[in-house]
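Please work through the exercises below with the sequence and the structure at hand, and try each task before reading its solution.

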Amino acid sequence: MPADSTQPTKALADFFPNQRKNLPIALTTEDVKGKTYIVTGATGGIGYELAKHLVRLEASKVIIGARNEERGKATKATIEGDAGRKDVVDIWPLDLASYDSVKAFGKRIETAERIDALVLNAGVSHAGWQVKEGNEAHLTVNFISNYLLAFMALPHLQAVGKTHGITPRLVVVGSMGAFFAGESVKKFPSKDILDDLNDRAKWESDFTNRYSVTKLLEHWAARQLASLRPVSDLGVIVNVVDPGYCKTGLNKELSLWTRAKAWLAKVMLGRTPEMGSRTLVHAVKVGEESHGKYLTSCEIREDHIPEWVTNEAGQAVQKQVWDELLVKLDKIEPGLPSRVIADWA
Ligand SMILES: NC(=O)c1ccc[n+]([C@@H]2O[C@H](COP(=O)([O-])OP(=O)(O)OC[C@H]3O[C@@H](n4cnc5c(N)ncnc54)[C@H](OP(=O)(O)O)[C@@H]3O)[C@@H](O)[C@H]2O)c1
């Protein structure tokens, strides 16, 4: 169980000054030229701006996972048009609400000759309870599907790393919002946490916290993955990045009242999607020191994580969530977890 005070005090204290910072663009043309990147959810918001940076900085290929073909085509046309380049952006279908779609995308990743970073950016914030693939939809989209994709991609990231003598990045786009999930975590059972989160009667009254809860699960899984293998063994750098509070379409499905409050907050202190995307640029650039770490405002800031997330009790929940994730993934794609982490402790 988390400690009594669940608020991310340090992160909150830095939040307001950080939101106003003019962040650096950590990658240069020299870093990016000739490289290949995969970004999910880049038809809008922060992911779109990251893809724009990468194309402008002369990446040889930027593969975008998009659930809507038309928006995908428009994204390619706009990004390539703005950069004055052609045949750089590839749009591959990806709907995180469908495991078949994620599996097809994961298989297709194996055809990429090189991958310098896979950025798991796509995410949702829904207004009400929905079920996708038998789970509450945030759980499926923000958590399980992102890790289904990560597990499918890991062997190929490792292989291309060896072939090209590079260390690919697996960037998980998390959120500081994860650190507000403490009160919900207090209601977690000691086991069968993921199944429990599908109990609508128990959790619907707590639904405003659901996005944060799934962002926390995402965060914990990245920490667990990185804790099991150092970069020297894994061959991949895994980090979690918070883009800050940004003026994107993330809240578009929420109630008018919630959107009105969010609009006001964003007017006062929201980052533009482009400014937010600079945090993702940093996550792609930063090295081994970021493995398993939390990044915000272009810095590694482990001190922003509230104690209850990483203390002994927090680590026990992290491990439990990880074990349950592996069981889920094995059901979705039999044998996948054991193939990927065959000899892991
Ligand atoms: N905005 C913020 O203040 C903020 C703060 C912290 C963290 N984040 C995180 O940043 C990431 C990007 O969010 P954003 O703010 O840029 O939101 P956004 O503007 O709503 O963009 C989300 C992207 O994800 C895609 N997407 C949504 N559901 C999908 C699905 N089922 N399958 C595949 N793609 C899907 C969307 O595609 P469509 O075009 O088809 O809708 C869109 O391209 C998310 O992980 C979010 O949790 C955002």
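This is a predicted model: local features need pLDDT of at least 70, side-chain atom pairs count only at pLDDT 80 or more; totals for chains, interfaces and linings use all residues.

**Exercise 1. The shell around the ligand**

Find which residues come nearest to the ligand, and how the residues of its shell divide into nonpolar, polar and charged.

Solution. Begin with the 30 residues around the ligand, of which Thr43, Arg71, Asn121, Tyr211 and Thr248 come nearest.

**Exercise 2. Polar atoms and burial**

Determine which atoms of Asp95, Leu96 and Tyr211, side-chain or backbone, lie within 3.5 Å of a nitrogen or oxygen atom of the ligand, and then how much of the ligand the protein buries.

Solution. Step one takes the nitrogen atoms of the ligand: an N or O atom in the side chain of Asp95 is 3.0 Å from a ligand nitrogen, while for Leu96 it is a backbone N or O atom that lies 2.8 Å from a nitrogen atom of the ligand. Step two takes oxygen, where an N or O atom in the side chain of Tyr211 is 2.5 Å from an oxygen atom of the ligand. Step three considers area: the ligand taken alone exposes 890 Å², and the protein buries 95% of that. Step four asks about elements, and those that give two or more residues to the shell around the ligand are helix H3 (45-56) and helix H10 (210-228).

**Exercise 3. H10 and its partner H6**

Decide whether H6 and H10 are roughly parallel or roughly antiparallel, and state the handedness of their crossing.

Solution. The axes of H10 and helix H6, which covers residues 137-164, come within 8 Å and cross at roughly 20 degrees. Angles under 35 degrees count as roughly parallel, and H6 and H10 are therefore roughly parallel to each other. As for handedness, H6 passes H10 in a right-handed crossing.

**Exercise 4. H3 with H13 and H4**

Describe how H3 is oriented to H13 and to H4, using the angles between their axes.

Solution. Take H13 (residues 273-285) to start with: its axis and that of H3 come within 8 Å and cross at roughly 65 degrees. That makes H3 roughly perpendicular to H13, and the crossing in which H3 passes H13 is right-handed. Turning to H4 (residues 69-83), the axes of H3 and H4 come within 9 Å and cross at roughly 40 degrees. That makes H3 oblique to H4, and H3 passes H4 in a right-handed crossing.

Methods. Residues are numbered from 1 along each chain as its sequence is written. Side-chain values use heavy atoms; hydrogens and water are left out. A residue is near a molecule or strand if one of its heavy atoms lies within 4 Å of it. A polar contact is a pair of N or O atoms within 3.5 Å; within protein, one must be able to donate a hydrogen and the other to accept it, and residues adjacent in sequence count only if both atoms are side-chain atoms. Accessible areas come from the Shrake-Rupley method with a 1.4 Å probe; for residues, only the protein chains shown count as cover. Helices (H or I, at least four residues) and strands (E, at least two) are DSSP runs, numbered from the N terminus. Axes are lines fitted to C-alpha atoms, for helices over the stretch in contact, and angles run from 0 to 180 degrees between N-to-C directions. Angles under 35 degrees count as roughly parallel, over 145 as roughly antiparallel, 65 to 115 as roughly perpendicular and the rest as oblique. A crossing is left-handed if the near helix is turned anticlockwise from the far one by less than a right angle, and right-handed if clockwise.
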